[in-house]
Amino acid sequence: MKFYDFTLAPNPRRVRMFMAEKGIALPETIQVNTREREQFADWFQAINARSTVPVLELDDGTRITESVSICRYFEALHPEPSLLGRDAREQALIDMWNRKVEIECFNHVGDALRNGAPMFEGRAIAGYASGMPQIQALAERGRRCFQDFLVGLDHRLATSRFIAGDEFSIADITAVVAIDTAKRVELEIPENLANARRWYDEVSARPSAQA
Ligand SMILES: N[C@@H](CCC(=O)N[C@@H](CS)C(=O)NCC(=O)O)C(=O)O
């Protein structure tokens, strides 16, 4: 098995954190430096024509090129500790919360960062070798939606230890990675959102958060 990774990129970190929670050692890891445009090199386009990381390559040559799909693969092989839910109800709720975090938070942080940060000039969408211009209005909208999301998150965490319920799940991983990424454009959880801050401190203190 091989894992195509980039230490500084958010999506591969979601997978590394997921594996760390399960106590699964990282397979042979190949760094693809997206800051140096290595994702567009012929050798990597032969691995993933979409030019994004992470990619998990199985021993039979199968390649899984979506973060959550890689997590699902490891959950099936190593069901405990469960991060995607043990029964139909848990699985539906965790999937619901993870999708909400992706759509209402992670994607907006992506818009704020990729349309706002100078280092992403001409690279507003991942995986476009020919480039993609930044749109300032999208950066602004992303910032606003992220801030709105945090208010809703704080409300949720007033009555729930973790995002999807009493147990840590993939939804917490997606959210903490998004919130850490938002720091790159000076967005943080405001002081008055005490429930969100309590949750963030707890999740960030888990050893997996170092992944
Ligand atoms: N849907 C993909 C998205 C992967 C993605 O956007 N990866 C980013 C790093 S976080 C990337 O490869 N960027 C390449 C680029 O900036 O061109 C997944 O979740 O696996």
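Thr174 has a relative accessibility of 0%, so Thr174 counts as buried (buried means under 20% relative accessible area, exposed over 50%, partly exposed in between, with a 1.4 Å probe and protein chains only). This is a predicted model, in which local features need pLDDT of at least 70 and side-chain atom pairs count only at pLDDT 80 or more, while totals for chains, interfaces and linings use all residues. Residues are numbered from 1 along each chain as its sequence is written, and side-chain values use heavy atoms, with hydrogens and water left out.

Thr174 sits in helix 6 (helices are DSSP runs of H or I with at least four residues, strands are runs of E with at least two, and both are numbered from the N terminus). Leaving aside residues up to four places away in sequence, Thr174 touches Arg14, Asn98, Val101, Glu102 and Phe106 (contact means heavy atoms within 4.5 Å).

Next comes the core. The largest nonpolar core has 52 residues, and Leu153, Ile163 and Trp199 touch the most other members (such a core is a set of buried Ala, Val, Leu, Ile, Met, Phe, Trp, Tyr and Cys residues joined through side-chain atoms within 4.5 Å). Helix 6 gives the most to this core, with nine residues. Domain 1 (2–77) and domain 2 (88–210) both contribute residues, so this core lies between them (the bounds come from an automatic or database domain assignment). Another core, of eight residues, lies apart from it; Ala9 and Phe44 are among its members. Ala9 is in the loop between strand 1 (2–5) and helix 1. At 13% relative accessibility, Ala9 counts as buried.

Now the ligand. It is surrounded by 18 residues, and the closest are Gln39, Val53, Glu66, Ser67 and Gly127 (a residue is near a molecule if one of its heavy atoms lies within 4 Å of it).

| Residue | Ligand atom | Distance |
|---|---|---|
| Asn11 | oxygen | 3.4 Å |
| Glu66 | nitrogen | 2.7 Å |
| Arg123 | oxygen | 2.8 Å |

Taken alone, the ligand exposes 520 Å², and the protein buries 85% of that (areas come from the Shrake-Rupley method with a 1.4 Å probe; for residues, only the protein chains shown count as cover).

Terms used:
A polar contact is a pair of N or O atoms within 3.5 Å; within protein, one must be able to donate a hydrogen and the other to accept it, and residues adjacent in sequence count only if both atoms are side-chain atoms.
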